[in-house]
Amino acid sequence: MNIDILLKYFPGLTAQQKERFEALDGLYRDWNAKINVVSRQDIDALYEKHILHSLGIAKIVQFKPGTEILDVGTGGGFPGIPLAILFPLVDFHLVDSIGKKIKVVQEVSTALELSNVKAEQTRVEQLTTTYDFVVSRAVTRLKPFLGWVRYKIHKSGNNDRPNGVLYLKGGDLAEELAEVPDRYRVYDLSDYFDEPFFETKKVIYIPKK
C-alpha cells in the first residue's frame with residue numbers, strides 16, 4: 001500500500017506534500033530496523049494504519065495557519081508528522097517520554113525539512129506552554145489523559161471549532177467515555193474512510209471548557 005490511499009481522500013496535495021508523504025515509507029523502514037517505533041506487521045500498512053489514521057483528525061478540523069498543536073505521546077511521530085506535512089503553516093510540538101522515539105521523530109522531521117515541527121523528550125506535565133489543540137493517539141484512557149492536558153490549552157483560537165483535544169482511539173469506548181465529565185463528540189472515521197481498518201476507529205473531540 002502506498003501514497004495512493006492518501007490521494008484518494010486528500011486529492012489536493014501539493015507536489016511537495018506528495019514528495020514528503022512518499023518519503024515516509026523509506027524513512028520509517030530504515031529507522032524501524034534500528035529502533036522499533038512501528039510494529040513489524042504494520043510497516044507494510046504504514047500509509048493506512050499510521051499515516052491516513054493520523055490524518056483522520058484533518059477530517060474533523062482543518063487547522064488554520066498559525067495554529068499551535070501539541071502531540072502527546074507521539075511515539076514515532078503519529079499523528080504529528082503526517083499532520084505537519086498536511087498543514088505546513090501550523091506549528092507542531094511533538095513530545096514523548098522515550099528518548100529513542102523522539103530521536104526518530106527528529107531525524108524524520110529533519111530529512112523532510114519540516115520547519116514546523118519541534119520534537120522533545122519530556123512529559124506533558126512538565127510543559128509550561130499552552131496550545132490551541134492537543135492531539136494524541138490512544139496513549140492511555142481518556143480520563144487521566146485529560147487530567148494531564150487540561151491546562152495546556154488556550155481559551156481563544158481562530159479555528160472553526162473551539163480549541164480542545166482531538167484523540168484518536170478505537171474499539172468500544174462507552175465505558176471510557178462514561179468516566180469523562182466534559183462535553184465531547186465522537187466522530188467515526190468509517191464515515192470518512194472506506195477501508196475495513198477504520199470500522200472501529202474514532203476521533204474524540206473535547207472542546208476546552
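How many bridges join strand S4 (residues 133–137) to strand S5 (residues 164–170)? Select both strands: 5 bridges join S4 to S5, and the two run parallel. Within this pair, Val134 has Val165 of S5 as its bridge partner. Helices (H or I, at least four residues) and strands (E, at least two) are DSSP runs numbered from the N terminus, and two strands pair if DSSP finds at least two bridges between them.

This is a predicted model, in which local features need pLDDT of at least 70, side-chain atom pairs count only at pLDDT 80 or more, and totals for chains, interfaces and linings use all residues. Residues are numbered from 1 along each chain as its sequence is written, and side-chain values use heavy atoms, with hydrogens and water left out.

Next, select strand S1 (residues 68–72). S1 pairs with S4 in the parallel sense over 3 bridges, and Leu70 has Val134 in S4 as its bridge partner. S1 is also joined to S2 by 5 bridges, again in parallel; here Asp71 stands opposite Leu94 in S2. Because 4 of its 5 residues are buried, S1 is largely enclosed by the rest of the structure (buried means under 20% relative accessible area, with a 1.4 Å probe and protein chains only).

Now display the whole sheet. This open sheet has 7 strands in the order S3-S2-S1-S4-S5-S7-S6, with mixed pairing. Its edge strands are S3 (117–121) and S6 (185–188), each pairing on one side only.

Note on methods
Buried < 20%, exposed > 50% of the residue type's maximum accessible area, 1.4 Å probe, protein only.
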